[in-house]
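Dear colleague,

The findings follow directly after it.

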Amino acid sequence: MPEPVPTPPAGRRELHRERLRVPLRWWVQWTMFVASLWLALVVAVPGPLAWSVSAVLLAVSVTLLVGYGAAPVVVADGVLRAGRARIGVEHLGEARALDAAETKHVHGPGADARAYLLLRPYLNRAVRVEVTDPADPAPYWLVGTRHPDRLAAAITTAREAHVAGGGDMPA
């Protein structure tokens, strides 16, 4: 289900935004794991201890799943942001949406150890973005996404707008 794109703050021009949230099946699996642990504990230890351990484990699980899925992928104001990393579009070359087989190859046997990777095991598609800055050791970024065509188009649009308009983004 596509997530709604929030309205950017006044003066901010956003071409793409998504969070790499974990899929529903991960939430179900962790919930079932905690429930199974609770069931094993409730017959072996006093009830309040079983509930306490299960509650702590559930809280830790929620924190881990939310934190892992919080990585943003944003193209806004002439900058590509992928997780904690940021790079200006003036330092980017071609952005290409990859299918599942290409993504598997580029982050597997065809990988360059110097590349910046923001991947999640539940996303089988990505965008490969060439880095043109000679001072940057990363030859490319590989960014996992649910919308590779939209992300590649947003990067291309931002880069072309920067080149054509001297750094301005389209409205």
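With which residue does Glu102 form a salt bridge? The partner is Arg96, and the closest N and O atoms of the pair are 3.1 Å apart. A salt bridge here is a side-chain nitrogen of Lys or Arg within 4 Å of a carboxyl oxygen of Asp or Glu. Glu102 counts as partly exposed because its relative accessibility is 30%, and Arg96 counts as partly exposed because its value is 36%. These classes rest on relative accessible area: buried is under 20%, exposed is over 50%, and partly exposed lies in between (1.4 Å probe, protein chains only).

Please note the basis of the model before reading further. The model is predicted, so that local features need pLDDT of at least 70 and side-chain atom pairs count only at pLDDT 80 or more, while totals for chains, interfaces and linings use all residues. Residues are numbered from 1 along each chain as its sequence is written, and side-chain values use heavy atoms, with hydrogens and water left out.

Confidence and overall architecture

The protein chain has a mean pLDDT of 90, with 89% of its residues at 70 or more; pLDDT is the predictor's confidence in each residue, from 0 to 100. Over residues 1-11 the pLDDT is below 50, and this stretch has eight contacts in the model beyond near neighbours in sequence. A contact means heavy atoms within 4.5 Å. Where pLDDT is low, the predicted coordinates should not be read in detail.

The chain comprises four helices and eight strands, in the order β-α-α-β-β-β-β-α-β-β-β-α along the sequence. Helices (H or I, at least four residues) and strands (E, at least two) are DSSP runs, numbered from the N terminus. Of the 171 residues, 36% are buried. Among contacts with a separation of 6 or more, 68% are between residues 24 or more positions apart.

Strand 2 (residues 72-76) and strand 3 (residues 79-82) run antiparallel and are joined by four bridges; two strands pair if DSSP finds at least two bridges between them. Val74 has Arg81 in strand 3 as its bridge partner. The two strands form a hairpin with two residues between them, and Asp77 in the turn has a positive phi of about 50°.

Strand 3 is also joined by four bridges to strand 4 (residues 85-88), again in antiparallel fashion. Here Arg81 stands opposite Arg86. Two residues separate strand 3 from strand 4 in their hairpin, where Gly83 takes a positive phi near 65°.

Charged residues

The whole structure contains four salt bridges. Besides the pair described above, Asp112 forms one with Arg114, the closest N and O atoms being 2.8 Å apart. Asp112 is partly exposed because its relative accessible area is 24%, whereas Arg114 counts as exposed because its relative accessibility is 52%. Glu14 forms another with Arg17, at 3.0 Å between the closest N and O atoms; Glu14 counts as buried because its relative accessibility is 17%.

Glu18, in strand 1 (residues 14-19), is buried yet has no salt bridge. The nearest side chain of opposite charge is that of Arg146, 4.9 Å away; Lys and Arg count as positive and Asp and Glu as negative, while His and the chain ends are not counted. The side chain of Glu18 does make a polar contact with the side chain of His16, at 3.1 Å. A polar contact is a pair of N or O atoms within 3.5 Å; within protein, one must be able to donate a hydrogen and the other to accept it, and residues adjacent in sequence count only if both atoms are side-chain atoms.

With kind regards
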